[in-house]
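Let's walk through this fold together, one question at a time. Keep the viewer open as you read.

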Amino acid sequence: MAGKEKLRVELCMGSSCFARGNAGILMSLEEFVEQNGLSDRVDLEGHLCLGKCNSGPHMTIGDKEYSGISDPDAVADIIRKALEE
Ligand code: FES
C-alpha cells in the first residue's frame with residue numbers, strides 16, 4: 001500500500017449536477033473516506049461543470065468517468081473497487 005499513488009476522485013460541483021444530487025454523493029464520499037481511514041489514499045476534489053449536465057451527477061476517478069450517479073451508497077462500492085485495481 002505504501003508508496004502507491006493516491007486515488008484522485010473528482011466530483012462535478014456545477015449547478016446542474018448539484019440539482020441532481022451531488023451534495024448527497026459528496027457527503028457519502030467524505031463519510032466513506034473518513035470511516036475507512038482512507039484520507040491518505042484518496043484525494044477528493046470538486047471541479048466545475050464538465051458540459052455534460054444532462055447525464056449528471058458526474059464523478060471521475062483517475063481517468064475513468066462515471067455519470068448519472070444517483071445512489072450515494074453506490075459511490076462507496078465504486079471507490080472500493082477502484083482502490084483494489
Ligand atoms: S453541472 Fe456537472 S456537468 Fe454540468
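Q: In which sense do β1 and strand β3 pair, parallel or antiparallel?
A: First, the ground rules: this is a predicted model, where local features need pLDDT of at least 70, side-chain atom pairs count only at pLDDT 80 or more, and totals for chains, interfaces and linings use all residues. Residues are numbered from 1 along each chain as its sequence is written. Helices (H or I, at least four residues) and strands (E, at least two) are DSSP runs numbered from the N terminus, and two strands pair if DSSP finds at least two bridges between them. β1 and β3 (residues 59-61) share 3 bridges, and the sense is antiparallel.

Q: How many bridges join strand β1 to strand β2?
A: Look at residues 7-12 for β1 and 42-47 for β2, two strands that run parallel. Val9 sits opposite Leu44 of β2, while Glu10 faces Thr60 in β3. The number of bridges joining β1 to β2 is 6.

Q: In what order do the 4 strands of the open sheet come?
A: The pairing in this sheet is mixed. Its edge strands, β2 and β4 (64-66), each pair on one side only. From one strand to the next, the twist averages 20°, with axes being lines fitted to C-alpha atoms (for helices over the stretch in contact) and angles running from 0 to 180 degrees between N-to-C directions. The order is β2-β1-β3-β4.

Q: Which strands does helix α3 lie across?
A: Helix α2 (residues 22-35) packs on the sheet too, touching β1, β2 and β3 at about 160° to β1; contact here means C-beta atoms, placed from the backbone, within 7 Å. Helix α3 (residues 72-84) runs at about 150° to β1.

Q: Is Cys12 buried or exposed?
A: Cys12 belongs to strand β1, and beyond four places in sequence its contacts include Cys17, His47 and Cys49. A residue is buried if 20 or more other C-beta atoms lie within 10 Å of its own, exposed if 12 or fewer, and partly exposed in between, with C-beta atoms placed from the backbone. Cys12 has 26 such atoms, so Cys12 is buried.

Q: Which residues does Tyr66 contact, leaving aside neighbours within four places in sequence?
A: Tyr66 lies in strand β4 and is partly exposed, with 18 other C-beta atoms within 10 Å. Tyr66 and Ile78 are 12 residues apart in sequence and 9.4 Å apart in space, C-alpha to C-alpha. The contacts of Tyr66 are Met59 and Ile78.

Conventions. Contact = placed C-beta atoms within 7 Å.
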